[in-house]
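Open the structure in your viewer and keep the selection tool ready. We will go from the whole chain down to single residues.

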Amino acid sequence: MLNYNSPINKEIKHNDISIKEFSPIMKLNLRGKKREFFTTVGKHLDMILPTEANTSSSSSKLTSIWLSPDEWMVISNEITKKDTKKYDVEENLYNDISKTNLGAVIDVTDHFVMLELEGKNIYELFASGSPFNFNEFKEKKGSTTQTLLNNIDVIIQNKGENLVNLFVRRSFSEHLYSWINDSASRL
């Protein structure tokens, strides 16, 4: 983990929407498609990776988000210490998957910023800047999507009624956060 400097330094609250960053949260990118890959990942994560498009699965400590037929993002359900340099789960997966050529394990903790959005107007906010139709998405807890929000690539995960996690690349996070603040204030 790099020296984590958050580009987001305050919580936004407008028109029944609150937005805050959760940091640092461990984020791993997993890639693979062999049967042994799935068995090894399941053993280490204590969960089965979702194989259906735009879904997620969770255990007590981790959540995995489907990104493509052979790619997932695994995130911690808990905030980790800022001075943490290694994660046991990453090291174990790397040793048993990457080193054995079953797939790839990459730490993307510093690559993505995770925002939590909560409130009854979050889907109105999304509709103002995204081409994605959130009608079915908002009804299914655990559903995920990769879409554009204000022309920025994001990953959105439905955590429950009026509660979502939004993942954005660090380099775009400040701009997106500013747009969210401005758009939420106008709803």
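**Stop 1: the whole chain**

Keep in mind that this is a predicted model. Show the chain as a cartoon. How many helices and strands does the chain have? The secondary structure comes to 4 helices and 11 strands.

Now zoom out. The C-alpha atoms fill a box of roughly 50 × 35 × 30 Å along the principal axes. The radius of gyration is 17 Å. A compact globule of 187 residues would come near 16 Å, so the chain agrees with that rule.

The accessible surface of the chain is about 9,900 Å². Carbon and sulfur atoms account for 45% of that area. Of the 187 residues, 51% are buried.

Next, think about how the sequence folds back on itself. Take the contacts between residues at least 6 apart in sequence. Of these, 59% join residues at least 24 apart.

Colour by charge. The chain has 23 positive and 25 negative charges.

**Stop 2: the aromatic rings**

Select the aromatic side chains. A search of the whole structure finds 10 aromatic pairs. We will look at two of them.

Pick Phe37 and Phe38. Their ring centres are 5.4 Å apart. Their planes stand at 85 degrees, and over 60 counts as edge-to-face, so this pair is edge-to-face. Phe38 has 27%, so Phe38 counts as partly exposed.

Move on to Phe126 and Phe134. Here the ring centres are 5.2 Å apart. The planes meet at 35 degrees, so the pair is tilted. Phe126 is buried, at 0% relative accessibility. Phe134 is buried too, at 6%.

Together, Tyr123, Phe126, Phe132, Phe134 and Phe137 form one aromatic cluster.

**Stop 3: Thr40 in helix H1**

Select residues 35-45. That is helix H1, and Thr40 sits in it. With 12% relative accessibility, Thr40 counts as buried, because buried means under 20%.

What does Thr40 touch, leaving aside its neighbours within four places in sequence? Thr40 is in contact with Asp96, Ile97 and Leu102.

Now draw a C-alpha to C-alpha distance from Thr40 to Asn101. In space the two are 12 Å apart. In sequence they are 61 residues apart.

**Stop 4: two loop residues**

Stay on Asn101. Asn101 lies in the loop between helix H2 (88-98) and strand S7 (103-107). Is Asn101 buried or exposed? Its relative accessible area is 61%, and so Asn101 is exposed.

Check the backbone angle phi there. Most residues other than glycine have a negative phi. Asn101 has a positive phi, near 60 degrees.

Finish at Asn54. Asn54 is found in the loop between H1 and strand S4 (56-58). Asn54 is not a glycine, yet its phi is positive, at about 60 degrees. Its relative accessible area is 34%, so Asn54 is partly exposed.

Terms used
Residues numbered from 1 in each chain as written. Predicted model: local features only at pLDDT ≥ 70, side-chain atom pairs only at ≥ 80, totals over all residues. Heavy atoms only, no water. Rg over C-alpha atoms; globule rule 2.2 N^0.38 Å. Buried < 20%, exposed > 50% of the residue type's maximum accessible area, 1.4 Å probe, protein only. Contact = heavy atoms within 4.5 Å. Areas by Shrake-Rupley, 256 points an atom, 1.4 Å probe, with all protein chains shown as cover. Lys, Arg positive; Asp, Glu negative; His and termini not counted. Charge placed at Lys NZ, Arg CZ, Asp CG, Glu CD. Phe/Tyr/Trp six-rings, centres within 6.5 Å; stacked < 30°, edge-to-face > 60°.
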